[in-house]
Amino acid sequence: MNIICFDLSKRAIELLKGNEGYKCGRIHAFVHDISTSPLAEELVPECCVDFVLMIFILSAVPAQRHCAVFQNVAQKLKPGGFLFFRDYAVDDLAQKRFRSSAQIDLCTWKRKDGTRSYFFHSDYLGEVLRRCGFSVCALEYVKKTVTNVKEGKEMARTWIQANAKKL
(Lines give C-alpha, C1' and ligand atoms only; values in the text may rest on other atoms or scores of the structure.)
Protein backbone atom coordinates (compact mmCIF):
# COMPACT_ATOMS: atom_id res chain seq x y z
CA MET A 1 0.00 0.00 0.00
CA ASN A 2 1.21 3.47 -0.89
CA ILE A 3 0.04 6.55 0.99
CA ILE A 4 -0.39 9.97 -0.55
CA CYS A 5 -1.04 12.79 1.87
CA PHE A 6 -1.20 16.54 1.70
CA ASP A 7 -2.10 19.51 3.82
CA LEU A 8 -2.38 23.27 3.49
CA SER A 9 0.19 23.64 6.24
CA LYS A 10 3.86 23.42 5.36
CA ARG A 11 4.57 22.88 9.05
CA ALA A 12 2.22 19.84 9.20
CA ILE A 13 4.00 18.24 6.23
CA GLU A 14 7.41 18.94 7.80
CA LEU A 15 6.27 17.25 11.02
CA LEU A 16 5.07 14.21 9.09
CA LYS A 17 8.28 13.95 7.11
CA GLY A 18 10.26 14.11 10.36
CA ASN A 19 8.47 11.07 11.74
CA GLU A 20 10.35 7.74 11.64
CA GLY A 21 7.39 6.02 9.94
CA TYR A 22 7.65 8.37 6.98
CA LYS A 23 11.00 6.94 5.98
CA CYS A 24 9.48 3.63 4.79
CA GLY A 25 9.46 4.91 1.19
CA ARG A 26 5.76 4.26 0.66
CA ILE A 27 4.49 7.66 1.81
CA HIS A 28 4.49 10.77 -0.38
CA ALA A 29 3.55 14.00 1.44
CA PHE A 30 3.33 17.51 0.08
CA VAL A 31 1.66 20.90 0.57
CA HIS A 32 -1.49 21.37 -1.52
CA ASP A 33 -4.82 23.24 -1.36
CA ILE A 34 -7.42 20.76 -2.61
CA SER A 35 -10.11 23.45 -2.34
CA THR A 36 -8.63 25.57 -5.12
CA SER A 37 -7.15 23.00 -7.50
CA PRO A 38 -7.26 19.25 -8.13
CA LEU A 39 -4.21 17.11 -7.59
CA ALA A 40 -1.92 16.96 -10.59
CA GLU A 41 -2.36 13.88 -12.79
CA GLU A 42 1.34 12.99 -12.45
CA LEU A 43 1.01 12.93 -8.65
CA VAL A 44 -2.27 11.06 -8.47
CA PRO A 45 -3.85 9.66 -11.66
CA GLU A 46 -7.63 9.74 -11.97
CA CYS A 47 -9.60 6.81 -10.55
CA CYS A 48 -6.63 5.15 -8.85
CA VAL A 49 -7.28 5.73 -5.13
CA ASP A 50 -9.08 3.12 -3.02
CA PHE A 51 -10.01 5.42 -0.13
CA VAL A 52 -9.59 8.95 1.11
CA LEU A 53 -9.38 9.96 4.75
CA MET A 54 -10.38 13.55 5.54
CA ILE A 55 -9.96 14.43 9.20
CA PHE A 56 -10.69 18.01 10.32
CA ILE A 57 -9.94 19.43 6.87
CA LEU A 58 -13.15 20.78 5.39
CA SER A 59 -13.98 22.95 8.41
CA ALA A 60 -11.10 25.26 7.40
CA VAL A 61 -12.44 25.65 3.86
CA PRO A 62 -15.08 28.29 3.00
CA ALA A 63 -18.51 26.67 2.54
CA GLN A 64 -18.77 27.78 -1.08
CA ARG A 65 -15.78 25.51 -1.87
CA HIS A 66 -16.93 22.38 0.00
CA CYS A 67 -18.40 20.79 -3.11
CA ALA A 68 -15.25 21.55 -5.14
CA VAL A 69 -13.18 19.68 -2.55
CA PHE A 70 -15.44 16.61 -2.71
CA GLN A 71 -15.45 16.74 -6.53
CA ASN A 72 -11.62 16.90 -6.57
CA VAL A 73 -11.50 13.92 -4.22
CA ALA A 74 -14.06 11.96 -6.28
CA GLN A 75 -11.97 12.53 -9.40
CA LYS A 76 -9.10 10.52 -7.87
CA LEU A 77 -11.17 7.76 -6.27
CA LYS A 78 -11.81 4.50 -8.09
CA PRO A 79 -15.49 3.80 -8.80
CA GLY A 80 -16.78 2.31 -5.55
CA GLY A 81 -13.91 3.90 -3.61
CA PHE A 82 -14.63 5.24 -0.14
CA LEU A 83 -14.37 8.60 1.55
CA PHE A 84 -14.00 8.58 5.34
CA PHE A 85 -14.73 11.95 6.91
CA ARG A 86 -14.62 13.51 10.39
CA ASP A 87 -14.87 17.17 11.28
CA TYR A 88 -16.44 19.66 13.68
CA ALA A 89 -20.19 19.51 14.19
CA VAL A 90 -22.57 22.22 15.33
CA ASP A 91 -22.65 22.69 19.08
CA ASP A 92 -19.11 21.43 19.54
CA LEU A 93 -17.21 22.97 22.43
CA ALA A 94 -14.89 24.70 19.96
CA GLN A 95 -17.89 26.55 18.51
CA LYS A 96 -19.24 27.49 21.92
CA ARG A 97 -15.89 29.04 22.89
CA PHE A 98 -16.01 31.62 20.09
CA ARG A 99 -17.17 35.13 20.88
CA SER A 100 -20.26 36.25 18.99
CA SER A 101 -18.14 38.89 17.22
CA ALA A 102 -16.20 36.04 15.53
CA GLN A 103 -19.29 34.63 13.82
CA ILE A 104 -19.21 35.05 10.02
CA ASP A 105 -22.47 33.22 9.26
CA LEU A 106 -24.68 30.58 10.82
CA CYS A 107 -22.00 27.84 10.73
CA THR A 108 -18.71 29.70 10.15
CA TRP A 109 -16.50 31.38 12.74
CA LYS A 110 -13.24 33.29 12.39
CA ARG A 111 -10.30 32.23 14.55
CA LYS A 112 -7.86 34.74 16.04
CA ASP A 113 -5.24 33.74 13.44
CA GLY A 114 -7.65 34.65 10.61
CA THR A 115 -8.49 31.08 9.60
CA ARG A 116 -12.06 29.83 9.55
CA SER A 117 -13.92 27.06 11.30
CA TYR A 118 -17.07 25.61 9.80
CA PHE A 119 -19.34 23.54 12.05
CA PHE A 120 -21.33 20.94 10.11
CA HIS A 121 -24.99 19.94 10.28
CA SER A 122 -25.64 16.37 9.12
CA ASP A 123 -28.30 17.45 6.60
CA TYR A 124 -25.88 19.85 4.92
CA LEU A 125 -23.00 17.36 4.78
CA GLY A 126 -25.17 14.57 3.39
CA GLU A 127 -26.63 16.85 0.72
CA VAL A 128 -23.21 18.12 -0.41
CA LEU A 129 -21.80 14.59 -0.59
CA ARG A 130 -24.70 13.38 -2.71
CA ARG A 131 -24.52 16.42 -5.01
CA CYS A 132 -20.81 15.74 -5.54
CA GLY A 133 -21.12 12.13 -6.69
CA PHE A 134 -21.19 10.10 -3.48
CA SER A 135 -23.63 7.67 -1.94
CA VAL A 136 -23.73 8.23 1.82
CA CYS A 137 -23.25 4.93 3.65
CA ALA A 138 -23.10 6.35 7.18
CA LEU A 139 -23.49 9.83 8.61
CA GLU A 140 -23.62 10.51 12.33
CA TYR A 141 -22.73 12.85 15.12
CA VAL A 142 -20.11 11.60 17.54
CA LYS A 143 -20.43 12.92 21.07
CA LYS A 144 -17.57 12.32 23.42
CA THR A 145 -16.51 13.59 26.81
CA VAL A 146 -12.81 14.38 26.80
CA THR A 147 -10.99 14.86 30.10
CA ASN A 148 -8.13 17.30 30.54
CA VAL A 149 -6.35 15.52 33.37
CA LYS A 150 -3.92 18.36 34.04
CA GLU A 151 -6.71 20.91 34.56
CA GLY A 152 -9.23 18.40 35.88
CA LYS A 153 -11.87 19.48 33.34
CA GLU A 154 -14.32 17.42 31.36
CA MET A 155 -15.22 18.75 27.93
CA ALA A 156 -18.22 17.71 25.84
CA ARG A 157 -17.15 17.41 22.20
CA THR A 158 -19.37 16.92 19.16
CA TRP A 159 -17.98 15.84 15.80
CA ILE A 160 -19.58 14.64 12.61
CA GLN A 161 -18.39 11.61 10.72
CA ALA A 162 -19.38 10.03 7.46
CA ASN A 163 -18.37 7.34 5.09
CA ALA A 164 -19.45 7.67 1.53
CA LYS A 165 -18.97 5.62 -1.63
CA LYS A 166 -18.10 7.11 -4.99
CA LEU A 167 -20.88 6.39 -7.47
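Which residues of α2 are buried? Keep that in mind while working through this predicted model.

**Stop 1: helix α2.** Select residues 66–76, which form helix α2. The buried residues here are His66, Cys67, Val69, Phe70, Asn72, Val73, Ala74 and Lys76. Because eight of the 11 residues in α2 are buried, the helix is largely enclosed by the rest of the structure.

**Stop 2: strands β3 and β4.** Now select β3 and β4, which run parallel and are joined by six bridges. Follow the chain from β3 through α2 to β4, and you trace a β-α-β crossover that is right-handed.

**Stop 3: the nonpolar patch.** Switch to a surface view and select Met1, Ile3, Phe51, Leu53, Ile55 and Phe84. These residues make a nonpolar surface patch of about 600 Å². Strand β3 supplies the largest share of this patch, with three residues.

**Stop 4: isoleucine 55.** Finally, select isoleucine 55, which lies in strand β3 and belongs to the nonpolar patch. Is isoleucine 55 buried or partly exposed? Its relative accessibility is 44%, so isoleucine 55 counts as partly exposed; that class lies between the limits of under 20% for buried and over 50% for exposed.

How values were computed
Residues numbered from 1 in each chain as written. Predicted model: local features only at pLDDT ≥ 70, side-chain atom pairs only at ≥ 80, totals over all residues. Heavy atoms only, no water. Buried < 20%, exposed > 50% of the residue type's maximum accessible area, 1.4 Å probe, protein only. Helix = DSSP H or I, 4+ residues; strand = E, 2+ residues; numbered from the N terminus. Pairing = 2+ DSSP bridges. Right-handed = clockwise from strand over helix to strand, strands pointing away. Patch = residues over 30% accessible without salt bridge, like charges linked within 9 Å, V, L, I, M, F, W, Y side chains within 5 Å. Areas by Shrake-Rupley, 256 points an atom, 1.4 Å probe, with all protein chains shown as cover. Salt bridge = Lys/Arg side-chain N within 4 Å of Asp/Glu carboxyl O.
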